Amino acid sequence: MADDDMQSEREFNRQNIEEFRNNGGKVGGQFEGFPLIIMTSTGAKSGTERESLIAYFDVDDKLYVVGSAAGRDASPGWVFNLRANPAVTVEIGDKPRRPYTAHELARDERDRVWEIVKERAPGFAEYEKRTDRVIPIFELAPVA
C-alpha cells in the first residue's frame, strides 16, 4: 500500500474511532447499524499500541473478528499484531475497555463461522471473491 493510501486509511480510521467514542459506540456512513468494536492491539514490529475499528460477529455467545481487509490480497495489520501478541483490549458500545485474548480459528471452525458471517453480512462473500488468501477469523475471549 502506498504511503498516501496508508495515511488516508489511518485518518479515516481515526475519525471513525472518534465518532464511535463520541456516540456510545455508534458510527454512521458505511458502518451505520453494523456491530463494531475498537480493538487495541500491540504492533507486531513496532510494539506500539494500535487501535482499529472492526466489525464483530456474536456467534454462539462468542465474539469474532474477520481479517477481510475488504478482499485485499494482504490481511489487515491487526491480523499480524494478534498473531504476534494475542493480548488485546476491546471497547464495545459505551462500555469501558476490557482485556481479551485473541485466538485464530483452525480451518474447520473458521469455515463454519465464515458461513455464518456471510449470511449476516453478505458483503463479506464479495471480499472472498477478490482474493486467493484464506481470510482469517479470530475469536476474542474475555480475560477473567
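Helices (DSSP runs of H or I, at least four residues) and strands (DSSP runs of E, at least two residues) are numbered from the N terminus. Lys62 is found in strand 3, which covers residues 62-66. The structure is a predicted model, in which local features need pLDDT of at least 70 and side-chain atom pairs count only at pLDDT 80 or more, while totals for chains, interfaces and linings use all residues. Residues are numbered from 1 along each chain as its sequence is written, and side-chain values use heavy atoms, with hydrogens and water left out.

## Overall architecture

The protein chain contains 4 helices and 6 strands. Along the sequence these elements follow the pattern α-β-β-β-α-β-β-α-α-β. The radius of gyration of the protein chain is 15 Å, close to the 15 Å that the globule rule gives for 144 residues, so the chain is as compact as a globular protein of that length. This radius is taken over C-alpha atoms, and the globule rule is 2.2 Å times the number of residues to the power 0.38. The C-alpha trace spans about 40 × 35 × 30 Å along its principal axes.

A residue is called buried when its relative accessible area is under 20%, exposed when it is over 50%, and partly exposed in between (1.4 Å probe, protein chains only). Of the 144 residues in the protein chain, 39% are buried. The accessible surface of the chain comes to about 8,500 Å², and carbon and sulfur atoms hold 47% of it. Such areas come from the Shrake-Rupley method with a 1.4 Å probe, and for residues only the protein chains shown count as cover.

A contact means heavy atoms within 4.5 Å. Among contacts in the protein chain with a separation of 6 or more, 61% are accounted for by residues 24 or more positions apart.

## Charges and salt bridges

Lys and Arg count as positive and Asp and Glu as negative, whereas His and the chain ends are not counted. The place of a charge is NZ of Lys, CZ of Arg, CG of Asp or CD of Glu. The protein chain has 20 positive and 26 negative charges, and their mean positions are 2 Å apart.

A salt bridge is a side-chain nitrogen of Lys or Arg within 4 Å of a carboxyl oxygen of Asp or Glu. The count by this rule comes to 12 salt bridges. The table presents some of them.

| Salt bridge | N to O distance |
|---|---|
| Glu11 and Arg14 | 2.6 Å |
| Glu51 and Arg21 | 2.6 Å |
| Arg110 and Asp111 | 2.9 Å |

Salt bridges that share partners join Glu11, Arg14 and Glu18 into one network. Glu11 and Arg14 are 3 residues apart in helix 1 (residues 3-22), and therefore about one helical turn separates them. Both side chains of this pair have some accessibility: Glu11 is partly exposed at 32%, and Arg14 is partly exposed at 41%.

The salt bridge between Glu51 and Arg21 joins two elements. Glu51 lies in strand 2 (residues 49-59) and Arg21 in helix 1, so the pair ties together parts that are 30 residues apart in sequence. Glu51 is partly exposed, with a relative accessible area of 31%, and Arg21 is also partly exposed, at 39%.

Arg110 belongs to helix 3 (residues 107-120). Leaving out residues up to four places away in sequence, Arg110 touches Leu105, Val134, Ile135 and Ile137.

## Lys62 and Glu139

Lys62 is partly exposed, with a relative accessible area of 38%. Its C-alpha atom is separated by 30 Å from that of Glu11, 51 residues apart from it along the chain. Beyond residues up to four places away in sequence, Lys62 touches Phe57 and Glu139.

Glu139 is placed in strand 6 (residues 137-142). Glu139 is buried yet has no salt bridge, and the nearest side chain of opposite charge, Lys62, is 4.4 Å away. With residues up to four places away in sequence not counted, the contacts of Glu139 include Leu63, Tyr64, Thr101 and His103.

## A buried glycine in a loop

Gly71 is in the loop between strand 3 and helix 2 (77-84). Gly71 is buried, with a relative accessible area of 5%. Apart from its neighbours within four places in sequence, Gly71 is in contact with Tyr127, Arg130 and Thr131. The C-alpha atoms of Gly71 and Arg133 are separated by 8.8 Å, although these residues are 62 residues apart along the chain.
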